[in-house]
Amino acid sequence: MTDDVPVTDVTVTEAPVIEEPDTRRLDELLEDLYHGQERISQADIYRRAVAAELPAQLLTRIAALPEGTYAVDEVADLLGGSVT
C-alpha cells in the first residue's frame, strides 16, 4: 500500500521584468538634433524629446540630466542610446 501525499499548489513568481525603452526613437531624435550641431543644451534636448513624444521613461532620464550642453556621444552614453 502506498501513502498518498497531498500535492499543494505551488506558485512560482519571477522578478518583474523592467523593460528598457526602445532606444531607436532616441537614436533618431539625437541624429536629427545633432545634425550640424556640436553641442546641445539639456533643455533643448528635453523640449525636442517631448515634442517627439518619446516614452516617459526616456523623458525622465533626459530631465534628470544636469543642466549644461552635451555632445551627441555624451548624451547617448548617459541615456542608453547608440548614436556616436
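Biologist: Let's start simply: what percentage of the 84 residues of the chain count as buried?

Modeller: This is a predicted model, in which local features need pLDDT of at least 70 and side-chain atom pairs count only at pLDDT 80 or more, while totals for chains, interfaces and linings use all residues. Residues are numbered from 1 along each chain as its sequence is written, and side-chain values use heavy atoms, with hydrogens and water left out. Buried means under 20% relative accessible area, exposed over 50%, and partly exposed in between, with a 1.4 Å probe and protein chains only. By that cut-off, the buried part of the 84 residues is 29%.

Biologist: And how much of the accessible surface belongs to carbon and sulfur atoms?

Modeller: Accessible areas come from the Shrake-Rupley method with a 1.4 Å probe, and for residues only the protein chains shown count as cover. The chain's total comes to about 6,400 Å². The part belonging to carbon and sulfur atoms is 51%.

Biologist: Which residues does Leu33 contact, leaving aside neighbours within four places in sequence?

Modeller: Contact means heavy atoms within 4.5 Å. Leu33 is one of the core residues that touch the most other members. With neighbours within four places set aside, the contacts of Leu33 are Ile40, Ile45 and Arg48.

Biologist: Now the helix pairs: are helix 2 and helix 3 roughly parallel or roughly antiparallel?

Modeller: Axes are lines fitted to C-alpha atoms, for helices over the stretch in contact, and angles run from 0 to 180 degrees between N-to-C directions. The axes of helix 2 and helix 3 come within 9 Å and cross at roughly 165°, and Gln42, Ile45, Tyr46, Ala49 and Val50 in helix 2 meet Leu59, Ile62 and Ala63 in helix 3. Angles under 35 degrees count as roughly parallel, over 145 as roughly antiparallel, 65 to 115 as roughly perpendicular and the rest as oblique. Helix 2 and helix 3 are therefore roughly antiparallel.

Biologist: What angle do helix 1 and helix 2 pack at?

Modeller: The axes of helix 1 and helix 2 are 11 Å apart. Leu29, Asp32 and Leu33 of helix 1 make the contact with Ile45, Arg48 and Ala49 of helix 2. Helix 1 is oblique to helix 2, because their angle is about 125°.

Biologist: Over in helix 4, is Leu79 buried or exposed?

Modeller: Leu79 lies in helix 4 and touches Leu26, Leu58, Arg61, Ile62 and Leu65, not counting residues up to four places away in sequence. The C-alpha atoms of Leu79 and Ile62 are 7.1 Å apart, although the two are 17 residues apart in sequence. At 1% relative accessibility, Leu79 counts as buried.

Biologist: How far in space is Ala76 from Leu30, C-alpha to C-alpha?

Modeller: Ala76 is also found in helix 4, and its relative accessible area of 1% makes it buried. Ala76 touches Leu30, Gly81 and Val83, leaving out residues up to four places away in sequence. Ala76 and Leu30 are 46 residues apart in sequence, yet their C-alpha separation is 7.8 Å.

Biologist: What is the phi of Glu53?

Modeller: Glu53 sits in the loop between helix 2 and helix 3 and is exposed, with a relative accessible area of 61%. Most residues other than glycine have a negative phi. Glu53 has a positive one, near 55°.

Biologist: Last one: where is His35 found?

Modeller: His35 is exposed, with a relative accessible area of 68%. From Val72, His35 is 37 residues away in sequence and 9.8 Å away in space, C-alpha to C-alpha. His35 is in the loop between helix 1 and strand 1 (40-41).

Conventions
Core = buried A, V, L, I, M, F, W, Y, C linked by side-chain atoms within 4.5 Å. Helix = DSSP H or I, 4+ residues; strand = E, 2+ residues; numbered from the N terminus.
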